[in-house]
Amino acid sequence: MKVHFIQQDEWVEPGEYLVWAERHGCELSFTKCWQFEPVPETVDADFLIVLGGWQCPATTKAECSYFDAEAEKRLIRRFVESGKVVVGACLGAQLLGDAMGANFAHSPEREVGPVKARLTAAGRADPLFAAFPDTFLAGAWHNDMPGLTEDSVVIAESDGCPRQIIRYGELAYGFQAHMEFTPRIVAAGVRESGESLKRGGKYVQTPEELLAFDYTEMNAMLSGFLDRLAEKYRRMCAETA
């Protein structure tokens, strides 16, 4: 399979998404927005993985010269309309929701650090999340969350954010949660944005707590989900061949 990543900022790396793709021998390509690489109109790939960043879908080029939300949303729509896979992480999830016709929203609470998420009834019924426990720890670093369409389904929620994982179609999922976090990514985040953590909050952990956490289990859950998503994609492709 071919996987294309849109990476908004240098420190918000693909993490477990990249580990999974490399483990399966996927052909990889990247758009590195912070290096002023333009978002392509089309990409020859099976998976589009849109990563997070400090921006929101309403961020303009005047506010961030290398970020083009409209171009990203156009590419997302093309993948969805072509029956390809789209996974959005944090900002990527918000862009996916916007691309599908839903406006992003501010989360009820700011969340930074592993938060206790729980599957909804729809999440427990989705076979792609069969290996997820009803309650699990998920990485978080956000103030906003994806919007909802008439057809979208909330898969997981938390006390601070009612939209942790959203399904937008057969092969389109938005993860407000950062299941891909690794110690390397978190350490970079603390270096880049550690000052903002001093504001605190009900669901905001300290840099020490962030750095001490073991992200292995949530990485394994994400990889299992991606395995099942890839298998579903291959099955759907075979059915339409």
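Biologist: Let me begin with two side chains: are Lys73 and Asp98 buried or exposed?

Modeller: First, a word on the source. This is a predicted model, with local features needing pLDDT of at least 70 and side-chain atom pairs counting only at pLDDT 80 or more, while totals for chains, interfaces and linings use all residues. Residues are numbered from 1 along each chain as its sequence is written, and side-chain values use heavy atoms, leaving out hydrogens and water. Now the idea: buried means under 20% relative accessible area, exposed over 50%, and partly exposed in between, using a 1.4 Å probe and protein chains only. Here, both Lys73 and Asp98 are buried.

Biologist: What do the side chains of Lys73 and Asp98 form where they meet?

Modeller: Side chains of opposite charge can pair when their charged atoms come close. We call it a salt bridge when a side-chain nitrogen of Lys or Arg is within 4 Å of a carboxyl oxygen of Asp or Glu. Lys73 and Asp98 make one, at 3.7 Å from N to O. This pair links distant parts of the chain, with Lys73 in helix α2 and Asp98 in helix α3, 25 residues apart. Helices (H or I, at least four residues) and strands (E, at least two) are DSSP runs, numbered from the N terminus.

Biologist: How many salt bridges does the structure hold?

Modeller: There are twelve salt bridges. One of them joins Glu13 to Arg184, whose closest N and O atoms are 2.7 Å apart. Because Glu13 sits in the loop between β1 and α1 while Arg184 belongs to helix α5 (residues 183-193), this pair ties together parts 171 residues apart in sequence. Glu13 is partly exposed, at 22% relative accessible area, whereas Arg184 is exposed, at 58%. Elsewhere, Glu41, Arg74 and Arg78 are linked in a network of salt bridges.

Biologist: Now the strands: in what order do they form the sheet?

Modeller: Two strands pair if DSSP finds at least two bridges between them. Nine strands make an open sheet with mixed pairing, in the order β2-β1-β3-β4-β11-β10-β9-β6-β7. At the edges, β2 (27-32) and β7 (135-138) each pair on one side only. On average, neighbouring strands are turned by 20 degrees against each other, direction ignored.

Biologist: Which helices pack on this sheet?

Modeller: Contact means heavy atoms within 4.5 Å. Axes are lines fitted to C-alpha atoms, for helices over the stretch in contact, and angles run from 0 to 180 degrees between N-to-C directions. Helix α2 (residues 69-81) touches β1 (2-7), β3 (47-50), β4 (85-89) and β11, and its direction makes about 150 degrees with that of β3. Helix α3 (residues 91-99) also packs on the sheet, touching β3, β4, β10 and β11, at about 125 degrees to β4.

Biologist: Which residues of helix α1 are buried?

Modeller: In α1 (residues 16-23), they are Glu16, Tyr17, Leu18, Trp20 and Ala21. Their cover includes β1, β2, β3, β4, β11 and α7 (216-240).

Biologist: At what angle do α1 and α7 pack?

Modeller: The angle is about 50 degrees, with the axes 10 Å apart. That makes α1 oblique to α7, because angles under 35 degrees count as roughly parallel, over 145 as roughly antiparallel, 65 to 115 as roughly perpendicular and the rest as oblique. On the α1 side, the contact is made by Glu16, Tyr17, Trp20 and Arg23, and the α7 residues include Asn219, Leu222 and Ala230.
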